[in-house]
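These are my notebook entries on a structure that I am reading for the first time. I record what I looked up, entry by entry.

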Amino acid sequence: GSSTYAFTAVLVAVLVGLAAGAGGYVWLLGKRPASAATMATIQAAVGVSAAGLLLGLERLPDLLFVGLRWSDAPGWVVFLDLALSVGALLVVTICIGATFPCALAATVAAGGAVRQQVGQQVGRLYAINTVGAIAGVLLGGLVLVPGIGVHATLKVAIIASLATAAALWIVGKGHGRPLRVGAVLVAAGVVALLPRWDERVMSAGPAVYAKTFLGDEQRRSLRELVAGEEVVFYGHGKSGSVAVTRFGPRTILRINGKVDASTGSDMPTELMSAHLPLLVHPAPRHVFVLGLGSGVTAAAVLAHPVDSVDVLELEPAVIEASRFFSVAQGRSLADPRFRLVVGDGRSFLRATAARYH
């Protein structure tokens, strides 16, 4: 789920894995000479373990359900979040953690034993690592995830690791290099062809609706439980995942798995959020709506004789998703009084000169 506990659990898992990988490398291999081939082996392990995680990620909710059937006490749930995060990420993060000390050792070994040059070599490697980390955050979070989605971004990262392993084996020394290079390139090709994960599972919000799913007496997997839903839109933005699903006559908008709007039981809330304040106000003229969602609330505002309606939406993917609710909106958002702004609500209200009354 998109909670503080989830973020903390993933962060703990990553930090534990990185520390264990770095410490484990120094303990087990620190006294052995490092080379490009050693680095290649670790990079290949990163790619293979990450590919395994990618394949198994949509099965994690079933493990969550097993744990929640045992207990749903708050402390147990937090522990379960942490255990699942560490269990899923431990192998790949250990491999990633071993990368940097191996790179340090290989760089120093390749540069010779001149003491005066060690600091320069280590500093250069730290600089490259820092620049790479910053570039990775910007490229992943701002370009790849919003552009091609989380699944495809993970595939790009895995293929990059395997390609790096192949390149290191090519420039390195040792026996069996052609076979190893061929193996990782084949693995990269297989990863490129992996199908997308089940979007019904990934948009189901098992952490939010666990008790609903646990009410199924047959104890079916999450994939079986959501088999009746149809995903008509699934995308990722800078702030989360957005999905539109259909289940029978209902159309449902899910943000990070949580239902934020639907054409079912949510309709009274969506409509009355607009009508009640505008009916109470003696003469509404300029209206501000925080969050577009399905667009039903904004459309309901436009049914009143107001002069302008400003709607602020944080996530552009929600704007794409809202077009699947055109029938429920009942009024065109092409109305000239309607203005849609993409951004943060607090920042917008602090900066704008407009007043809503």
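Entry 1, the parallel sheet. I began with Asp-310, and I found that Asp-310 stands opposite Arg-339 in β7. The model is a predicted one, and I read each entry with that in mind. I then looked up the strands around this pair. Strand β6 covers residues 308-313 and is joined to β7 by five bridges, the two strands running parallel. I asked in which order the strands of this sheet are arranged. The order is β5-β6-β7, three strands in an open sheet with parallel pairing. I noted β5 (286-290) and β7 (338-342) as the edge strands, since each of them pairs on one side only. From one strand to the next, the twist averages 20 degrees.

Entry 2, the antiparallel sheet. I next looked up the sheet of four strands, which is open, has the order β1-β2-β3-β4 and is paired in the antiparallel sense. Which strands stand at its edges? I found β1 (230-236) and β4 there; each has a single partner strand, so one side of each lacks a neighbour in the sheet. With direction ignored, neighbouring strands of this sheet are turned against each other by 20 degrees on average.

I turned to α6 and α7. In general, two packed helices are described by the angle between their axes and by the distance between the axes. For helix α6 (residues 150-171) and helix α7 (residues 177-192), the axes come within 9 Å and cross at roughly 170 degrees. Angles over 145 degrees count as roughly antiparallel, and α6 and α7 are therefore roughly antiparallel to each other. I looked up the residues that make the contact: on α6 they include Ile-158, Leu-162 and Trp-169, and on α7 they include Arg-180, Val-184 and Ala-188.

How many disulfides does the count come to? The count is zero. A disulfide requires two cysteine sulfur atoms within 2.5 Å. The cysteine sulfur closest to that of Cys-95 belongs to Cys-102 and is 12 Å away, which is too far for a bond. Cys-102 is accordingly noted as being in no disulfide.

The secondary structure comes to 15 helices and seven strands. Taken along the principal axes, the C-alpha atoms fill a box of roughly 85 × 55 × 40 Å. The protein has 357 residues, of which 38% count as buried. I also looked up contacts between residues at least 6 apart in sequence, and 66% of these join residues at least 24 apart.

How values were computed: Residues are numbered from 1 along each chain as its sequence is written. This is a predicted model: local features need pLDDT of at least 70, side-chain atom pairs count only at pLDDT 80 or more; totals for chains, interfaces and linings use all residues. Side-chain values use heavy atoms; hydrogens and water are left out. Axes are lines fitted to C-alpha atoms, for helices over the stretch in contact, and angles run from 0 to 180 degrees between N-to-C directions. Angles under 35 degrees count as roughly parallel, over 145 as roughly antiparallel, 65 to 115 as roughly perpendicular and the rest as oblique. Contact means heavy atoms within 4.5 Å. Two strands pair if DSSP finds at least two bridges between them. Buried means under 20% relative accessible area, exposed over 50%, partly exposed in between (1.4 Å probe, protein chains only).
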